[in-house]
Amino acid sequence: MGVRPRFRCGRPSERGALIRAVLFDLDDTLFDHRHASRQALEAVRECHATVALVDASDLDRRHAEILEALHLRVLAKEMTLDDARQERFRRLFESVDVSAADLEDGLLARRAAGAYRTRYMQSWREVRGATALLHALKPQVRIGIVSNNLAREQHDKLRFCGFDRYLDAVVISEEAGVAKPDAAIFRQALERLSVDAAETVMIGDAWATDIAGARAAGVRAIWFNPHGTSRPEAWHDVEEIRALAPVPTVLSLVLGGQNRRE
């Protein structure tokens, strides 16, 4: 038997090619981070009267922006996770005009960080249809996760939701030493799954990291866009789904005519 090439990177795989592997992003593709975060912010609103008066959507937007900025610093090991959590809420409260006196000793930020974390974990759940889709794909393809985050956090989510039983490879930026959209993290996933880029599909919700990153690695990408966000005009050829269900419809898009074992 000849030696199989490990992977090729080049032009993104075309629909209709034989698909042997499907890669997924985790947060807000399979795991409902958006829901858990919004529930957790309600606990934060209870920590201070000024914060309680802020519109929930505005607070969510501010929090997401600060979280993303600090998350990158944690991944780069410029801050510890605990320090980043406290700093996140100090910045959030400062942005909605909580008084400097209330923030001075750090107690309020620590209390908010604890309240957020507790409610966040209590609110964990899968994106609707995630388990059913993984279950349907498992007999037909190899399945991998490509995620930007801390390894322990992501593995905990995978176990909690029961996704781990369906997976053949998990590539997390902290362990991989590289993050999406760098094509190198996708190449690691392809190598672990022993598949070529042309045989692989990536499904993710984040355009800049999941879609652009996968295509840079030569992998066909399907955009999971449940909120109907506008796409960059130059990327009109990227396929899109608004939900992970119904499963036969998603399978048909991902696998084309090869899904004979539904």
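Modeller: Welcome! Two strands pair if DSSP finds at least two bridges between them. Strands are DSSP runs of E, at least two residues long, and helices are runs of H or I, at least four, numbered from the N terminus. This is a predicted model, where local features need pLDDT of at least 70, side-chain atom pairs count only at pLDDT 80 or more, and totals for chains, interfaces and linings use all residues. Residues are numbered from 1 along each chain as its sequence is written, and side-chain values use heavy atoms, without hydrogens and water.

Biologist: How do you know that β1 pairs with β2?

Modeller: Four bridges join these parallel strands, and pairing asks for at least two, so β1 and β2 pair. One example is V22, whose bridge partner in β2 is I143.

Biologist: What stands opposite V22 in β4?

Modeller: That is V201. β1 and β4 (residues 200-204) run parallel and are joined by four bridges.

Biologist: Why is one side of β3 and of β6 left without a neighbour in the sheet?

Modeller: The open sheet has six strands in the order β3-β2-β1-β4-β5-β6, with parallel pairing. β3 (169-172) and β6 (239-241) stand at its edges and have a single partner strand each, so one side of each lacks a neighbour in the sheet.

Biologist: What makes both faces of β1 covered?

Modeller: In β1 (residues 21-24), A21 and L23 on one side and V22 and F24 on the other are all buried. Buried means under 20% relative accessible area, with exposed over 50% and partly exposed in between (1.4 Å probe, protein chains only). All four residues therefore fall under 20%.
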